[in-house]
Amino acid sequence: MAIIGIPAGWPADEGAALDVQRRLRGRLVLGEDGPPAGEGRVTGLDVAYDDERDLVAAAAVVLDARTLEVVEEATAVGRVSFPYVPGLLAFREIPTVLAALDGLAADPGLLVCDGYGIAHPRGFGLASHLGVLTGRPAIGVAKKPFTATGAEPGPRRGDSAPLLADGEEVGRALRTRTGVKPVYVSAGHRVSLATALAHTLALTPRYRVPETTRRADSLCRRALAEALAAG
DNA sequence: GCGACAG
DNA sequence: ATCTTGTCGC
């Protein structure tokens with residue numbers, strides 16, 4: 001499989017990335033409810049890195065939202081396109097993730113990203129960025145808190161507490177399993193927070209992290225290992 | 001100015 | 001993200 005190069009004109013430094021982020025932010029759509037949970041399709045996206053060889057492997061796994069069975073999978077391997085800078089994660093992952101999405105024949109439905117949507121320092125995290133570039137509904141489900149503030153949610157599955165930025169609710173800390181650490185859910189593009197929360201609960205019948213993310217995580221690790229073995 | 005900070 | 005030792009539980 002060919003290695004995805006860094007796209008022409010891709011931001012080369014933080015200043016350029018911030019400019020792109022600010023421009024794309026103007027195309028964000030937040031007024032839609034988005035696709036209802038439990039029907040249609042949901043697609044999990046994740047990446048794995050090999051810093052030594054400057055490689056990133058991405059996976060896109062399409063699930064039937066009702067049964068959570070795999071409909072289709074695709075992977076891509078690319079060159080790392082940006083250093084890790086908190087708040088600019090999208091610039092590191094997006095070229096290879098888009099290549100994986102391009103490899104799908106099925107309609108991906110809702111995009112479920114490993115990271116934040118609008119609960120981001122400038123309101124435009126990975127899920128929002130990917131949503132705008134693809135035009136598709138997208139949500140972010142992160143495993144760790146970022147810059148938004150919030151209280152601890154209650155102890156039971158389904159309990160949640162607002163994530164606040166400048167007094168506005170930009171997401172929720174959501175307990176997906178009773179007695180287990182919460183995940184951090186935010187709308188990305190063309191979805192409401194309520195829809196994002198409903199999807200996250202529908203995708204976590206058994207584990208803390210959504211089934212989409214778990215499937216994509218294991219697939220991109222496999223893809224990276226195969227790329228390294230192939231040379 | 002300093003610390004904190006998705007993956 | 002990635003690395004890494006040991007431990008607990010189904």
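Let me begin with Asp46, which is buried at 7% relative accessibility; buried means under 20% relative accessible area, exposed over 50%, and partly exposed in between, with a 1.4 Å probe and protein chains only. This is a predicted model, in which local features need pLDDT of at least 70, side-chain atom pairs count only at pLDDT 80 or more, and totals for chains, interfaces and linings use all residues. Residues are numbered from 1 along each chain as its sequence is written, and side-chain values use heavy atoms, leaving out hydrogens and water.

Asp46 belongs to strand β2 (residues 41-50). Strands (E, at least two residues) and helices (H or I, at least four) are DSSP runs, numbered from the N terminus. Among the residues in contact with Asp46, neighbours within four places in sequence aside, are Ala57, Asp114 and Cys220; contact means heavy atoms within 4.5 Å.

Which residues does UniProt list for "binding site"? The unreviewed entry lists Asp46 and Asp114, although such annotations may be inferred rather than shown by experiment. These residues span 69 residues in sequence, yet no two of their C-alpha atoms are more than 6.2 Å apart, so they gather at one spot.

Let us turn to Asp114. This residue sits in the loop between β5 and α3 (126-134) and is buried, with a relative accessible area of 16%. Its side chain makes a polar contact with the side chain of Lys143 at 2.7 Å.

Finally, I come to Val112, in strand β5 (residues 110-113). Is Val112 buried or exposed? Val112 is buried, with a relative accessible area of 0%. Residues that Val112 touches, beyond four places away in sequence, include Thr43, Ile139 and Leu203.

Note on methods:
Chains lettered and ligands numbered in written order. Polar contact = N/O pair within 3.5 Å; in protein donor to acceptor, adjacent residues only side chain to side chain.
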